[in-house]
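I opened this notebook to record what I looked up in one structure. The entries follow the order of my reading.

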Amino acid sequence: MATTARRQTRTEARIRDAFIELMQEKGFESMTVSAIVRAAGVNRGTFYLHYLDKFDLKQQLIDDTIDDLTEILVGDDMRGGRRSVDDVLDIFRTEAIAEALRYVKREYAFFDAISRSGSDMQMYDRFKDILKRMLISQAKRLNLTSNTYADIPRPYAMEILVSSVSSIIWLWIRGGCKETPERICSIIERNKTMAPVDILR
């Protein structure tokens, strides 16, 4: 998988680290490009080769993170890759979610910084979209065509399911990722028995 760490140049990685450090120290509103380049040990010209301003920096960092999570959760579908039998039969792709959670835990400092910047709802909504893509893809693989669940139309049932899983994960992030990814996966598994997962069966 082409993770953010492998895609970034050393300069971009230093700027990213400086962004996270300054978010924790100053917050986004008080952060300046001058402070970023000082903390990163680069000059302003180098910064502007990569980013328009601090807002563009933040957005590019969010976009890179979403790309990584998309690769983890639906990358096989985009490439037409093969999966194990268990993975194909798992509507929620539990192992893929576990890998995404491990990624989040490794990158917790960044997620915490984004939360402090007031952009966590953008991340939340985009993460929900990835989960929805994953579920729709799995439903197609398994030829699941039910349109209602307990009189709930499919789009609403899908929203209930995706929102419940996303909320569990975001609560975990906001709580500092204290539990292990495996523990959060087990909670999501139990959640499947309470949410309208049968809408996809």
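**Confidence**

I compared the elements of the protein chain by mean pLDDT, the predictor's confidence in each residue from 0 to 100: helix 6 (residues 85-89) is lowest at 38, and helix 3 (residues 33-40) is highest at 97. Helices here are DSSP runs of H or I with at least four residues, numbered from the N terminus. I note that this is a predicted model, in which local features need pLDDT of at least 70 and side-chain atom pairs count only at 80 or more, while totals for chains, interfaces and linings use all residues. Residues are numbered from 1 along each chain as its sequence is written, and side-chain values use heavy atoms, without hydrogens and water.

The chain averages a pLDDT of 82, and 78% of the residues score at least 70. I found pLDDT under 50 over residues 1-7 and over residues 78-89. Where pLDDT is low, the predicted coordinates should not be read in detail.

**Annotated region**

I looked up the UniProt record, an unreviewed entry, which gives residues 32-51 as "DNA-binding region"; such annotations may be inferred rather than shown by experiment. Over residues 32-51 I read 75% helix and 0% strand (strands are E runs of at least two residues), with the end C-alpha atoms 13 Å apart.

**Helix 10**

I noted 21 residues in helix 10 and a reach of 30 Å from first C-alpha to last, close to the 30 Å expected at 1.5 Å a residue, that is, 1.5 Å times one less than the number of residues. Gly176 follows helix 10, with a positive phi near 95 degrees.

Technical notes. Contact = heavy atoms within 4.5 Å.
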